[in-house]
Amino acid sequence: MTAPVHPQIEDSWKTVLNQAFAAPSFYSLKEFLLQEKKDKQVFPPGKLIFNAFNLTPFDKIKVVILGQDPYHDTGQAHGLCFSVPDGIAFPKSLINIFHELHNDIGCPIPQSGNLEKWAKQGVLLLNATLTVRAHEPASHQNHGWEQFTDSVISAISQQKENIVFLLWGNFAKAKIPLIDTGKHHILTAAHPSPLAASRGFFGCKHFSKTNQILVQHGITPIDWDLTK
């Protein structure tokens, strides 16, 4: 096997994902991205592609929220699913997440859509595909990212216990076979997008349910309030 060449990623993940970085699909993915960047704009910036891993070390994970694709408009994507940097207008899915958060546990709607506070508490904000061509949604799907992020989910399932997986929408629910339901907790709902939120995301109470599960297992709950 070719020796893996690790991207800039937090040290604990280098060990966990050693085989994933050495996989042929990852090398093919790197070649694809190098070619893309020659004449196209790719989001997020290279230094932020693995932002979710750098903000949430493997040994700190409590919760996994799974998204599908990075935001594809300028300035939005920064390596955390559903999150946008400070000063960027909220995408509609994120607006719906904040409304559910308010209705569930009373958190005020924040002024910023930056979810780094969650990530630093152990919420892995993982997109299944970690890059996208500017203004072309889903343009980097089926080029190797899915194999990589599936290995991330599998590693968490195998090596951790009592992780709460929040799976919103059919794409995220399709990852259930990768998760050992005897060791972990899965909460499912409709996707928070405007097309689906009223069909089961609103009222799912996943934020309070997650904290109930964590407390039951002696784990410090997440402070979901982004306004403090």
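**Cysteines**

I checked Cys204 and found it buried, with a relative accessible area of 8% (buried means under 20%, exposed over 50%, partly exposed in between, with a 1.4 Å probe and protein chains only). Before going on, I noted that this is a predicted model, where local features need pLDDT of at least 70, side-chain atom pairs count only at pLDDT 80 or more, and totals for chains, interfaces and linings use all residues. Residues are numbered from 1 along each chain as its sequence is written, and side-chain values use heavy atoms, with hydrogens and water left out.

How many disulfides does the structure hold? I got zero, a disulfide being a pair of cysteine sulfur atoms within 2.5 Å. For Cys81, the nearest cysteine sulfur belongs to Cys204 and is 14 Å away. For Cys204, the nearest one is that of Cys107, 14 Å away. Cys81 counts as buried, at 0% relative accessibility.

**Aromatic rings**

I searched the whole structure and got 20 aromatic pairs. Rings of Phe, Tyr and Trp (its six-membered ring) pair if their centres lie within 6.5 Å; planes under 30 degrees apart count as stacked, over 60 as edge-to-face and the rest as tilted. Phe50 and Phe53 make a tilted pair, 5.8 Å centre to centre with 55° between the planes. I found both Phe50 and Phe53 buried.

Next I took Phe50 with Phe148: the centres are 6.0 Å apart and the planes are at 80°, so I wrote down edge-to-face. This pair links distant parts of the chain, 98 residues apart, with Phe50 in the loop between strand E1 (42–43) and helix H4 (51–55) and Phe148 in helix H7 (residues 145–159). Helices (H or I, at least four residues) and strands (E, at least two) are DSSP runs, numbered from the N terminus. Phe50 and Phe148 are both in one aromatic cluster, whose members also include Trp13 and Trp145.

**Charges over rings**

I also looked for a Lys NZ or Arg CZ within 6 Å of a ring centre and within 35 degrees of the ring normal. The charged end of Lys30 sits over the ring of Tyr27, 4.5 Å from its centre. Likewise, the charged end of Lys160 sits over the ring of Phe58, 5.3 Å from its centre.

**A helix contact**

Which residues of H5 meet H9? I listed Ile97, Glu100, Leu101, Asp104 and Ile105 in H5, and they meet His206, Phe207 and Ser208 in H9 (contact means heavy atoms within 4.5 Å).
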